[in-house]
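Work through the two exercises below with the model open. Each solution goes step by step.

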Amino acid sequence: FSLKTALPPPHDFKFDPLLLYINKQARPSEYIVFNSKKLETLEEFNALLDGENFLKSDLVLVEDDKLNFNNIKQKIIPVRFISRKNNEVILEYDTDPDGILVLSDTNYPGWRAFIDKSPVKIYYVNLVQRGILAPSGKHQVKFNFYSEAFEYGKKITVISWLIISSVMFLSSSVFR
């Protein structure tokens, strides 16, 4: 199939113009922020998102007191990607003050984080995204996904396969 053999569209067919929207205020998909606001309720979160100032601010919404930062003079800094796979993300950053590293992905249970190979806690930020405390200095951050439910499922599958195989072998050879 090629474009030369394709049938032309009918004469009365009209194409709508292609519209491209660019959000010049969009944050990068991974960044370090130095200003946070602790939220107590979902209503507070919705009220902040409805306002125009949230996207213009260098603010991250948090649920934990350990992520309480108030350095409004410091701007968001991007983080450098090293590698990205389905179950692993490796980043590098270099920052002077401590901050919060935000990954715009959903914080699904099973993700683990390591800074320079030492495990760190992942917090919920902006209600559903992943965030970790980012100590000052140059560091490598690794996020990887490990599902205990998947591992249990693999074990159950192997045990079931062994039982079924044993029953089939015994029924065909021993119990004719």
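Two strands pair if DSSP finds at least two bridges between them; strands are DSSP runs of E with at least two residues, numbered from the N terminus. This is a predicted model, in which local features need pLDDT of at least 70, side-chain atom pairs count only at pLDDT 80 or more, and totals for chains, interfaces and linings use all residues. Residues are numbered from 1 along each chain as its sequence is written, and side-chain values use heavy atoms, with hydrogens and water left out.

**Exercise 1.** Describe the pairing and burial of strand S11 (residues 129-134).

Step 1. Strand S10 (residues 123-125) pairs with S11 in the antiparallel sense, over 3 bridges. Tyr-124 has Arg-130 of S11 as its bridge partner.

Step 2. The hairpin of S10 and S11 has 3 residues between the strands, and Asn-126 there takes a positive phi near 50 degrees.

Step 3. S11 is also antiparallel to strand S7 (residues 99-106), with 6 bridges; Ala-134 in S11 stands opposite Gly-99.

**Exercise 2.** Locate the largest nonpolar core and the contacts of Phe-143.

Step 1. A nonpolar core is a set of buried Ala, Val, Leu, Ile, Met, Phe, Trp, Tyr and Cys residues joined through side-chain atoms within 4.5 Å. The largest has 17 residues; Ile-132 and Phe-143 are among those with the most contacts inside it.

Step 2. Elements giving two or more residues to this core include S7, S11 and strand S12 (137-145).

Step 3. Contact means heavy atoms within 4.5 Å. Leaving aside residues up to four places away in sequence, Phe-143 touches residues including Leu-91, Trp-111, Arg-130 and Ile-132.

Definitions and conventions. Buried means under 20% relative accessible area, exposed over 50%, partly exposed in between (1.4 Å probe, protein chains only). Helices (H or I, at least four residues) and strands (E, at least two) are DSSP runs, numbered from the N terminus.
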